[in-house]
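Please read them with the structure open.

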Amino acid sequence: MRIASDAPVTVRGAGALVGLQGLAGLGFAVALLVRALGGASTEGNNIYGEAAYFGVIGAAVVAVGMALVLGKHWARSPAVVVELLLLGVAWYAAGPSGRPEFGVPIGLVCALVLYLLFTNRSREWSFGEDSDEGSGSETGTR
C-alpha cells in the first residue's frame, strides 16, 4: 500500500519509529490494565489511572507518528519533544536504574529518530522549502 505524502523518506521513517514507540506505550497501558483487573490496584496505588495515563500518552504518540508518515509538518516538533523525553528515560534506565538492556536500545532508537528528523532534507521539508524549485534559490533568484 502506497501512502501519498510529500515528506521525505527520512521523515516517514522517523514517523514509523515514533508510531512504534506509541504502540509500545499502548501495550504497556494494556499490561497495566490487565494487572489492575487481576487485583493489583489498591488504595493509594491506582493502576487504573496509570493505565489511562499511558493510554492517552501512547495514543498521542501514535497520532504524531502517523502524522509524520502522512507528511504533516506540525508533527515534527512534538516528535522531537517525545524523543528528547525518551532519551532521559533511556539514560535513567541505563544508568541509575541499572537496566542497560532496556535503556541502551531505547536510547539508540531515540538518537536514530532525532537524526532522521534533523537531516538536511527533513529540515528543508519542515521549513516548507522545496529542493525542486531551482538551483538559484541560494541567491534568492528563481
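Predicted model: local features only at pLDDT ≥ 70, side-chain atom pairs only at ≥ 80, totals over all residues.

1. The largest nonpolar core has 17 residues. Val18, Leu68, Ala79 and Leu117 have the most contacts inside this core.

2. Look at Ala79 next. Not counting residues up to four places away in sequence, Ala79 touches Val18, Val64, Leu68 and Leu117. Val18, Leu68 and Leu117 are also listed with Ala79 among the residues with the most contacts in the core.

3. How do α1 and α4 run relative to each other? Their axes come within 8 Å and cross at roughly 150 degrees. Angles over 145 degrees count as roughly antiparallel, so α1 and α4 are roughly antiparallel to each other. The crossing of the two helices is left-handed.

4. Now the residues of that contact. From α1 come Thr10, Gly13, Ala14, Leu17, Val18 and Gln21. They meet Val109, Cys110, Leu112, Val113, Leu116 and Leu117 in α4. By type, the contact residues are nine nonpolar, three polar and no charged. In general, nonpolar side chains tend to be buried together in soluble globular proteins.

5. Leaving aside neighbours within four places in sequence, Val109 is in contact with Gln21 and Glu83. Glu83 is 26 residues from Val109 along the chain, and their C-alpha atoms are separated by 8.8 Å.

Technical notes
Residues numbered from 1 in each chain as written. Heavy atoms only, no water. Core = buried A, V, L, I, M, F, W, Y, C linked by side-chain atoms within 4.5 Å. Buried < 20%, exposed > 50% of the residue type's maximum accessible area, 1.4 Å probe, protein only. Contact = heavy atoms within 4.5 Å. Axes fitted to C-alpha atoms, helices over the stretch in contact; angles between N-to-C directions. Helix = DSSP H or I, 4+ residues; strand = E, 2+ residues; numbered from the N terminus. Parallel < 35°, antiparallel > 145°, perpendicular 65-115°, else oblique. Left-handed = near helix turned anticlockwise from the far one by under 90°. Nonpolar A, V, L, I, M, F, W, Y, C, P; charged D, E, K, R; others polar.
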